[in-house]
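Take a look at the structure below. We will walk through it one piece at a time.

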Amino acid sequence: MKKYLYRLLCIGLSTGLCLMSCTDEDWSSNGNTQKGIVLSPYKEKQVSRAMEAGDEYFDVDTRYRIWIMNQGTDTPEENDEANGIEATETMRGNIHIINVRPIERTTPDFYGFTQNSQTDVPEAQAVTETYPIKLQPDGDYIDYLRGELKAPYEDSDYAQGDILQMPFKHIMSQVTFQVSKDTELETDIQLVNIEMVGTDPNNPEGITSDGTYKVYNNEFVFFSRNKKIRTVNGNGMDVPSADLGSDNVGKVATILVFPTFETATEEQKDDIPLTYLRVTFKDSKNYYDISDNEGNSTVLVPIYNTITSVEGTTDALEFRQNYAYTLHIAFSSDIRRVVTLVPKVYEWIEGEGNEDNGYMQEQDMGQPVTFNGVLWSDRNLGATSGNPSRSVKDWYNSIGYLYQYGRNIPYYPYNQNSVNHTVDYTITSQEALQNNRLIYPVFDYTSWGLSTNNIGTWWTNTTTKSASLVWDLDVARVNNQIRENGYVDFGYYIDKTNKYKLSYLAGYDNGWQENTNTPCPPGWRLPTVQDFMGVMPSSGFSGNITFRKLIGIESNGSWKAEDHREMFISDFSADNISNMVDNFYKNDGQPIYKGAFPYIYRKETDDMWSGDKNNIGVYILSMGGGDRTEVVDKSNTLSDRGAEFKFNWGVIYGIKNQGTRNAYRVRWRIELMEDVTNEPEVETVGTGEEQYTRYTYEKNPFHGFIVVSRYETSPTDNFEVSEGESYKVALDRYDWGHPVEEMYFPIGGYCDAEDSEGELRNIGTEVWYATSELNEETSESDNPKKKMVWIKYAGTNSASQTIAVSDESALGAAVFVRCVRDLYN
């Protein structure tokens with residue numbers, strides 16, 4: 001080995017002489033000098049605000065094998081290091097590093113391999129040799145992780161100064177099995193076992209059970225002769241009843257499996273083998289009529305990729321490295337479909353649920369759902385329910401917290417104690433969520449070390465003091481702002497004159513727009529506008545669920561409509577629909593819609609807001625075939641409409657990524673909370689395709705939510721019809737009764753810093769959802785704006801009654817948060 005003079009070498013040695021010779025001036029101050037480089041490993045994951053320093057790294061004393069290779073070759077930089085260096089995790093400051101020798105004047109490639117263990121280390125051998133991957137005595141595999149860092153290094157490869165970062169990924173895939181049954185299934189189900197039987201259900205050989213792995217090129221060699229049926233024991237567990245999207249599921253087990261064609265090209269993906277599960281269970285009433293003499297029922301379930309494909313016709317589910325898959329086995333009340341398999345997938349991120357999580361509010365992310373390669377939490381941040389359709393209590397519990405852009409402080413319309421100005425968190429959500437109540441910060445006085453004996457009104461009241469705003473508790477503590485007698489404002493900022501700005505936040509780190517410091521839990525982030533386009537119609541035109549005649553966009557980003565009230569049948573008639581042209585959105589003067597009431601068609605280019613005009617989304621807005629809902633509110637909740645006014649909305653159907661392998665169908669519909677104390681009078685109105693249901697309520701019925709349903713689809717699905725045909729023909733081609741997944745967006749009201757001055761209003765009819773994005777053109781102005789998703793379906797006038805992105809939302813306007821995480825990077 002060459003004799004390096006850098007004292008950094010001493011960190012990896014144990015002699016006292018060397019330790020004494022390590023001095024601060026020996027550390028390079030600039031990583032780009034390629035001198036005295038230290039290597040920092042981390043599990044590849046997304047960064048979020050709750051991560052304390054070091055949380056994203058391996059534990060101290062984790063052992064590795066590290067290979068240092070000449071750039072772009074499989075030749076070791078030092079001959080006596082051909083079998084790798086045995087290295088150990090340590091720390092420099094608050095950044096974990098691997099103790100290896102420093103690098104002088106070279107830019108080598110690094111490879112790493114670890115069992116994430118403080119006692120075991122992969123055996124010494126060349127990086128081009130293979131490691132055996134076999135089932136262990138416990139019935140599972142060793143969870144190996146591989147690291148790679150290739151030269152030349154980018155600035156982003158440096159943690160700080162002279163510390164290079166090397167990301168590590170799990171080499172296997174993780175699979176979790178869950179079970180549930182329909183709430184309408186009137187039989188008891190006990191799970192006996194789940195078996196992965198392989199690609200031929202008639203000749204079950206099992207799945208690959210062992211092979212070899214080469215660290216150098218991340219290559220598996222599978223031994224086809226060594227297949228084995230992987231059995232997961234159910235141990236007779238009772239399968240719980242649950243609605244689609246419920247978190248009341250039974251977790252069976254989590255195992256590791258080999259990835260499937262990790263390096264497959266797009267063309268090869270059609271050849272990914274379809275694997276089957278054999279599910280054995282006991283059916284107390286023999287409901288399915290398939291029990292054998294021992295009382296066991298068995299079904300074969302193919303593992304289709306229902307995220308992007310049509311069952312039985314296209315893709316099998318691809319297991320990818322470093323990703324976790326949840327295979328949810330749902331027993332159906334439909335005897336023709338004994339079991340439905342719903343796969344979910346997300347990046348395999350460890351370490352969540354740590355008790356020491358940086359004073360972050362504990363948040364339940366529920367059972368995530370997948371849209372367009374993005375995993376969405378099934379509930380708003382702060383909500384304790386992800387399904388507002390279940391009950392009155394669930395609707396109120398699904399609303400969650402509000403946030404002011406850039407501030408990681410949750411707000412909610414609780415009561416404030418008039419004596420000591422603390423916030424009373426004991427009232428129920430149903431008591432709190434009433435219109436025109438002020439919002440207050442939500443925090444735990446005890447765990448955050450705050451005294452309740454000396455809290456001024458500045459702690460919790462809405463505030464106009466711009467110099468003392470708390471935006472993040474960790475930052476406030478570091479800056480010594482949290483003190484009993486200090487003027488620090490947790491309160492929601494309101495001021496019509498001095499509008500809210502990010503410059504008011506002392507030490508603000510751009511965490512929202514960069515998605516590095518947000519209210520979302522570890523591994524989660526705020527959605528971008530593009531993320532939202534995967535779950536929402538892409539413009540106010542395609543989101544026009546109330547059939548308004550849209551004529552412009554206001555200065556706050558809301559979509560302006562002619563207040564024609566009940567004239568939508570005439571506005572969208574065959575005679576008049578071509579008169580609606582786009583003079584303000586894309587401003588191309590083209591007709592906005594095709595078709596005629598009650599079915600109108602809209603085509604969007606650049607549907608995902610990615611800049612790709614070839615990305616197509618097609619939509620049918622329907623008030624036909626029972627899709628029209630009409631509501632009469634005799635309590636006249638929405639002021640000037642009058643007790644006999646009729647509110648109407650329809651249903652939107654769409655195909656996203658139309659014409660591609662990633663296409664999927666979506667349906668959007670508005671539903672109202674079911675309240676047994678406010679049962680409506682129900683009346684069927686009209687005939688034929690224009691027949692609909694009118695609901696007349698004695699009390700305020702407007703407790704709404706949007707149901708977003710995703711369906712299996714294929715690249716050939718479309719909404720095309722022949723000239724003169726109704727777009728009903730296109731809808732009738734497809735099954736809209738069996739969604740793969742459903743997600744709910746409760747309509748929890750709006751609150752801003754100017755108009756409502758911190759009061760939550762329009763609860764149940766209007767809502768604003770956060771994105772991470774600013775309106776960059778206004779960010780330095782005296783009236784900065786942000787981008788958000790605006791949903792409204794009823795109100796005192798037609799303004800804003802659509803589903804659309806507003807890029808002119810006042811920065812201080814409060815928003816609800818729905819966190820996401822990426823499936824594939």
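**A buried aspartate, a sheet and a disulfide**

The side chains of Asp 607 and Ser 538 are joined by a polar contact of 2.8 Å. This comes from a predicted model. Find Asp 607 in the loop between β33 (599-605) and β34 (616-622). Is Asp 607 buried or exposed? Its relative accessibility is 0%. Buried means under 20%, so Asp 607 counts as buried. Which residues does Asp 607 touch, leaving aside neighbours within four places in sequence? Its contacts are Met 533, Ser 538, Asn 615, Ile 616, Gly 617, Tyr 619 and Lys 656.

Next, turn to a sheet. It is open and has four strands, in the order β36-β35-β40-β39. The pairing is mixed. β36 (646-649) and β39 (681-685) are the edge strands, and each pairs on one side only. On average, neighbouring strands of this sheet are turned by 25° against each other, direction ignored. Now zoom in on one pair. β35 (residues 629-633) runs antiparallel to β36, and four bridges link the two. In one of these strands, β36, Lys 646 is the bridge partner of Val 632.

Last, look at the cysteines. A disulfide is a covalent bond between the sulfur atoms of two cysteines. How many disulfides are there? The count is one. It joins Cys 520 to Cys 819, with an S to S distance of 2.2 Å. Cys 520 sits in the loop between α4 (473-478) and α5 (529-533), and Cys 819 in the loop between β47 (815-816) and β48 (820-822), so the pair ties together parts 299 residues apart in sequence. The torsion about the S-S bond is about -90°, so this disulfide is left-handed. Both Cys 520 and Cys 819 are buried. Cys 751 also counts as buried, at 0% relative accessibility.

Technical notes
Residues numbered from 1 in each chain as written. Predicted model: local features only at pLDDT ≥ 70, side-chain atom pairs only at ≥ 80, totals over all residues. Heavy atoms only, no water. Pairing = 2+ DSSP bridges. Axes fitted to C-alpha atoms, helices over the stretch in contact; angles between N-to-C directions. Buried < 20%, exposed > 50% of the residue type's maximum accessible area, 1.4 Å probe, protein only. Polar contact = N/O pair within 3.5 Å; in protein donor to acceptor, adjacent residues only side chain to side chain. Contact = heavy atoms within 4.5 Å. Disulfide = S-S within 2.5 Å.
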